Amino acid sequence: MDAGTGTQLEASDDPPQPGGVDDPVYRELTRWGVPAAADLSGALRDYLPDADGELIHRAYDFAARHHFGQYRKSGKPYFDHPVAVARVLIKMRLDEASVCAGLLHDVVEDCDCTLQELTNKFTSEIGHIVDGVTKLDKIPFNRREQKQAENFRKMLVAMSKDIRVLLIKLADRLHNMSTLQHMKPKKRRIKALETVEIYAPLANRLGIHWMKSQLEDYCFQYLYPDDYSALKLSVGRRETERDAYTKRVVKLLKNELARADMIGVRVYGRPKHLFGIYRKMQVQKLPFDQIYDALGFRIVVQTVEQCYRALGVVHSKFTPIPGRFKDYIALPKANNYRSLHTTVIGPDNQHVEVQIRTMEMHQIAENGVAAHWRYKEKDRAIKVRDEQKFTWLKQLMEVNEQVSDSDEFLDSMRIDLFADEVYAFTPAGEVKVFPRGSTPIDLAYSIHTQVGEHAMGAKINGQMVPLDTKLRNGDIVEIMTRNDARPNQDWLEFVQTARAKTRIRNFVRAEQRTRAKAVGRDLLEKAFRRAKHSLTRVQKHDDFDAMLSGFRVQTFDELAIQVGYGKTEAQKVVDKLLPDESEPEPEPVIAPPRRGRKSQGRASIVVDGIDDVLVRFPKCCSPVPGDDIIGFVTRGRGISVHRRGCARALDSDPLRRIDCDWDLSRGSAASVMVRVHTGNSPGMLAEMSHRFREAGVNILGANCRSVGKQRAISEFEVEVKDTGQLQAVLDKLSKLEFVVRVERVAG
Ligand code: MN
């Protein structure tokens, strides 16, 4: 860890209070040397003079009593852990709510204390933070793959909502890593892997350099124990030598800077953290002896201008190594890191890395996100209230660390990259990103098309949910499949991902084509049979393929599909393929005129984007343009169109359903039955006919009968343009004095 940051805490001699030595809770804490509440509040006041010390004391007491009787694997009282976490938070100079939440972060999870109780006893702010930490703890992390880790980090950020939740989680992890030796080897490895993949990079993204280094060193220790001990030994062996060298360089630099009239400048040398050296050895494939810049020097000055002057001093004293100078002041790193870096050839031809920065830059380099807010808020502790700051963080998370181009950097800062995203787990524990509003069906298709196509139900966090449920961050989603389950066209109304949309659409289209093909084939067979011919025989004809080209199709299947969709009439195919022998017949099968009455409506229908379809309107519900309709591919009789709510339609085989719509671009007319219940008085029929005429509605037929002495029922079959015209005439009729009730006959 670097010198110069953080606040040192020492356990005071006084017993931790309040009951003093007579209080068993405090007696135990004293015995184990757990820092007292006063130590924490004192350290907090160092940087936050008007911090509420009483609040800290209450949180301390509350948590200490709740954890009393619980012990860590090390044998220490459990409360040692929350206090250690609170100390890390103080080191990061967080506000009092964060420190209290740090003390209380495990009481909801580990003690029988509710969130409500915390909120009542303390503040809703503290309650929210503790709640956030508790929730993060519940997210299971199943690795692997780089991409997974990245998504997982983003999910943590997205779920944290308040940056303080994330910082407490990091502090918690740091302390747990420092006590990892008490865990079983298998558990150590799991925790270390999780830390190196998730938490250390997170600390790095947040710019908290010291924490990243410490976390990495702990991981190094548990993941590669042998390499760790060996390297630690080598570093230690050269300690005296290195100390002497460090002192020499520091003195040289100080003298040079003083000679250039730079005062108030701090210069110090520091060994790099072990994992950093190790990584360098791996990348450069060199033994430790040959890793020169295992030693770094830092010059901390007061102004930006002094940074560049100090750089000049360094470069005039020592020869810089070409290509190693980096100006992160002009082009800050994505995590807001700013400094000048250079590597020079120092005394004894050693490569020496020098970092030059102002005090403010130094704070940001060490404390990252925390320092950023502190400086923005004029040296106050962080208070993250407005969404904007969090947006900044989210963007920070997204930005590729290697961004070096300043335009690219600014661009990436501007785009809010994941307000519109949601992170959820697949059944296999993989984290996936979806557009906000996505549903289990989107997730199913993201796993595999087959899973999407056979999805019949979903569970979120173990609960059955409707398939259109919107996913939330951290949801664990399980998809139930069944072999005979099929995609439903209605899914298109709620799925969000392009993948799911395309797959569902393709499925529906393919299914409709299959149906159309069967229907078309059927129609063709019948038509050929009527012409005393066999389709199979015609197909065997040598010139059959050439014949097909007359229909602008390549294959017979395509022709069958055209016929099935009604684009081409079966009879026309017969006429064309058998020009000599066919006797043109009226076609009794497709769209027959209804029971000898005049025109059964010239309304046009569009089926799945294809117009000119031959359709029939069954008597049961007489759809009228404007009605919500659905088509059925009938065997041998084209497509019959029903109103969507029609009982016959609901009974029909769903697999034969086909979407269709009115083609309103053409003049249309459809017949419909209107029933009028009336009293019984003379001249009624004339009166009613007049109303139809007024509305421009043509009467195709009428039937009137009396029901008893006082009542009569008249039924009119009329031709209307659309539902609007129909409604208009129904309204007119119902206003007649003798009319009791008017209805459209459904079937
Ligand atoms: Mn904890």
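Predicted model: local features only at pLDDT ≥ 70, side-chain atom pairs only at ≥ 80, totals over all residues.
Let's start at the manganese ion. Four residues hold it: His81 and His105 each through NE2, and Asp106 and Asp172 each through OD, at 2.1 to 2.4 Å. Read along the sequence, those donors follow the pattern H-x23-H-D-x65-D. Histidine 81 sits in helix α4 (residues 80–91), while histidine 105 is in the loop between α5 (96–104) and α6 (107–110), so the pair ties together parts that are 24 residues apart in sequence. Both histidine 81 and histidine 105 are buried.

Next, look at helix α11 (residues 185–205) and helix α12 (residues 209–223). Their axes come within 9 Å and cross at roughly 160 degrees. Angles over 145 degrees count as roughly antiparallel, and α11 and α12 are therefore roughly antiparallel to each other. The crossing is left-handed. On the α11 side the contact includes Arg188, Leu193, Val196 and Tyr199, and on the α12 side Met211, Leu215, Cys219 and Tyr222 are among the partners. Sorted by class, this contact has 11 nonpolar, two polar and four charged residues.

Now for the other pairing, helix α21 (residues 440–447) with helix α23 (residues 498–530). Here the axes are 8 Å apart and the angle is about 85 degrees, which means that α21 and α23 are roughly perpendicular to each other. From α21, Ile441, Asp442, Tyr445 and Ser446 meet Arg499, Ala500, Arg503 and Ile504 of α23. That contact is made up of four nonpolar, one polar and three charged residues.

Terms used: Residues numbered from 1 in each chain as written. Heavy atoms only, no water. Axes fitted to C-alpha atoms, helices over the stretch in contact; angles between N-to-C directions. Helix = DSSP H or I, 4+ residues; strand = E, 2+ residues; numbered from the N terminus. Parallel < 35°, antiparallel > 145°, perpendicular 65-115°, else oblique. Left-handed = near helix turned anticlockwise from the far one by under 90°. Contact = heavy atoms within 4.5 Å. Nonpolar A, V, L, I, M, F, W, Y, C, P; charged D, E, K, R; others polar. Donors = N, O, S within 2.8 Å, 3.2 Å for Na, K, Ca; no water. Buried < 20%, exposed > 50% of the residue type's maximum accessible area, 1.4 Å probe, protein only.
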